[in-house]
Each structure stands twice: as C-alpha cells, then as structure tokens.
Amino acid sequence: MREFFHYFFGAGEQIEFKYFSLAHILPILIAVVIIYLIYRYRDFLRESKWDEKIRLIMSFALIITEMSYFWRLVGVPDLKPDPTDHLPITVCGWGVIFSAYFVITKNQTLFDITYFWLFSGTLFALATPTVISYCGPTRFRYYQFWCEHLLGYIALFYMIFVHGMKIKFKAIFKSVACLAVLAVIAYIANVTLGDDANYLFMAMPEDTTSVLDFLPKNFILRVVIMGVVIIALFVVAYLPWYFIDKKNKKKEA
C-alpha cells in the first residue's frame with residue numbers, strides 16, 4: 001500500500017499524458033455535461049433548499065483542490081518542492097481561490113476577474129495541459145489538475161445560470177488591472193529566483209509543446225505580445241454579453 005501511494009502521489013518519470021487522447025477529452029466532456037445539467041435545471045436549483053449547500057460544497061471542493069497541490073509537494077519527499085516552480089503565482093490557482101469565494105458571497109468583482117481569467121487564460125491550459133505531460137490517469141496530479149481547472153468553470157456557469165450574475169464591459173479593466181498586479185509579482189519572482197523561474201510563462205517557453213511556443217524568447221517582445229493577446233481575448237470573452245445586452249435592449253424598445 002505504501003508503494004502504491006508513493007507512486008500515485010509521486011511525479012511521473014516519463015511522458016504519460018497525450019494531447020487529445022481519451023484522458024484529455026473525457027474530463028472536459030464531463031464538465032460540459034455538468035454545466036448543461038445546471039442550465040437544464042437552473043430554475044429548480046434556484047428555488048431549491050439545496051442551492052446553498054451545493055455552493056458550499058463547490059467552494060470547499062475548490063479550496064481543497066488548490067491546497068492539495070501544495071500538500072502533495074510537502075507530503076512526498078521525492079518531489080522536493082522548488083520555489084522556482086511551486087510558488088502560488090498562477091492565474092489558474094488564483095482563479096480557483098476567487099471562484100471559491102464568489103460562489104459563496106456572490107462578489108461581483110471576484111466573479112468578473114475569474115470570468116475573464118478563465119475564458120482567456122485557462123482555456124489554453126485545457127487545450128495544451130503541459131504541466132501534466134508526465135502525469136497520466138494513474139497519478140494524483142492528473143485528477144488534481146482537471147478538478148482545479150474545470151471546477152472554476154462549473155462555479156462560473158452555476159452563478160450565471162442559477163443566480164443570474166452578469167458581466168459588464170467595465171469588468172475588463174478590473175481583470176486587466178488585477179492581472180497586471182500578478183504579472184509584476186511574477187516578474188519579481190522570476191528575476192529574484194533566477195533563470196529557472198518562469199511564472200506566468202513570462203520568461204521562456206515551456207519544455208513541452210504548448211500554444212505558448214509561438215512567443216519569442218526576448219522578454220520585452222514576449223510581454224508585449226502576451227499583453228496584446230490577453231486584452232484581445234478579454235474582448236472576445238465579453239462579446240457574448242454584448243450581444244445578450246443588445247438583444248435585451250431590442251426587446252425593451
């Protein structure tokens with residue numbers, strides 16, 4: 001049993017995860033089905049006594065999912081956590097924490113930030129999840145990764161469909177400002193910790209194939225291109241709400 005847990009919670013020694021395999025597509029399909037069911041039964045959930053309990057469970061699951069990443073690093077000696085890789089300076093990680101709070105408090109600012117971060121940044125992690133290339137379905141990290149990255153979407157859509165939370169255009173500015181603060185922290189960490197640090201992928205491409213490979217290695221060009229692309233993605237993420245508002249105004253006229 002000890003050997004099993006050592007293997008399950010340990011790090012992979014060779015590439016175990018392949019893009020667009022069943023192990024890649026299945027978790028996303030499960031999340032899509034859950035989101036559809038939330039939409040299908042949104043009225044029931046809104047009026048049900050279970051609504052508050054469901055949100056509490058989601059919040060608890062989000063926090064445990066994020067914290068378990070660090071508990072694993074501390075609990076498995078062979079992993080040897082390194083500050084150049086494992087500080088909590090990630091869009092996905094903070095998106096999970098924000099999700100855990102807004103699903104309980106209905107905080108609009110945290111909802112706004114999380115919406116744009118997930119639909120503009122985490123989507124790339126879902127398309128090319130480089131961080132689990134060495135961790136397939138026989139490893140804890142595989143399940144932790146998918147729970148971390150998909151529960152935030154479930155929480156977002158739950159609050160949209162069941163509680164009617166919406167996005168306004170000005171929310172883009174809040175999200176950009178908060179991301180800029182995180183980027184400054186990431187830059188300081190990368191410079192302080194040395195060449196191996198690559199928080200927010202600002203310093204260099206990943207070791208394995210990802211959508212970030214097209215970015216140049218030059219720091220200034222890399223940051224400028226990332227900034228332009230992110231703002232463009234924020235605008236694209238807002239478009240559904242633009243058309244919804246436009247449609248609603250026509251109905252009211």
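Helices (H or I, at least four residues) and strands (E, at least two) are DSSP runs, numbered from the N terminus. This is a predicted model: local features need pLDDT of at least 70, side-chain atom pairs need pLDDT 80 or more, and totals for chains, interfaces and linings use all residues. Residue numbers start from 1 along each chain as its sequence is written, and side-chain values use heavy atoms, without hydrogens and water.

**Exercise 1. Locate F20 and describe its backbone and exposure.**

Step 1. Find the element. F20 sits in the loop between helix 1 and helix 2 (22-40).
Step 2. Check phi. Most residues other than glycine have a negative phi. F20 is not a glycine, yet its phi is positive, about 60 degrees.
Step 3. Check accessibility. Buried means under 20% relative accessible area, exposed over 50%, partly exposed in between (1.4 Å probe, protein chains only). F20 has 59%, so F20 is exposed.

**Exercise 2. Work out how helix 9 packs against helix 10.**

Step 1. Take the geometry. Helix 9 (residues 171-193) and helix 10 (residues 219-252) pack at about 155 degrees, with axes 11 Å apart. Axes are lines fitted to C-alpha atoms, for helices over the stretch in contact; angles run from 0 to 180 degrees between N-to-C directions.
Step 2. Classify. Angles under 35 degrees count as roughly parallel, over 145 as roughly antiparallel, 65 to 115 as roughly perpendicular and the rest as oblique. Therefore helix 9 is roughly antiparallel to helix 10.
Step 3. List contacts (heavy atoms within 4.5 Å). I172, S175, V176, L179 and Y187 in helix 9 meet F219, I230, I231, F234, V235 and Y238 in helix 10.

**Exercise 3. Classify two aromatic pairs.**

Step 1. Set the rule. Rings of Phe, Tyr and Trp (its six-membered ring) pair if their centres lie within 6.5 Å; planes under 30 degrees apart count as stacked, over 60 as edge-to-face and the rest as tilted.
Step 2. F9 and F140 are 5.0 Å centre to centre, with 40 degrees between the planes: tilted. F9 is in helix 1 (residues 2-9) and F140 in helix 8 (residues 140-161), so the pair ties together parts 131 residues apart in sequence.
Step 3. Y115 and F116 have ring centres 5.2 Å apart and planes at 90 degrees, so this pair is edge-to-face. F116 is buried, at 0% relative accessibility.
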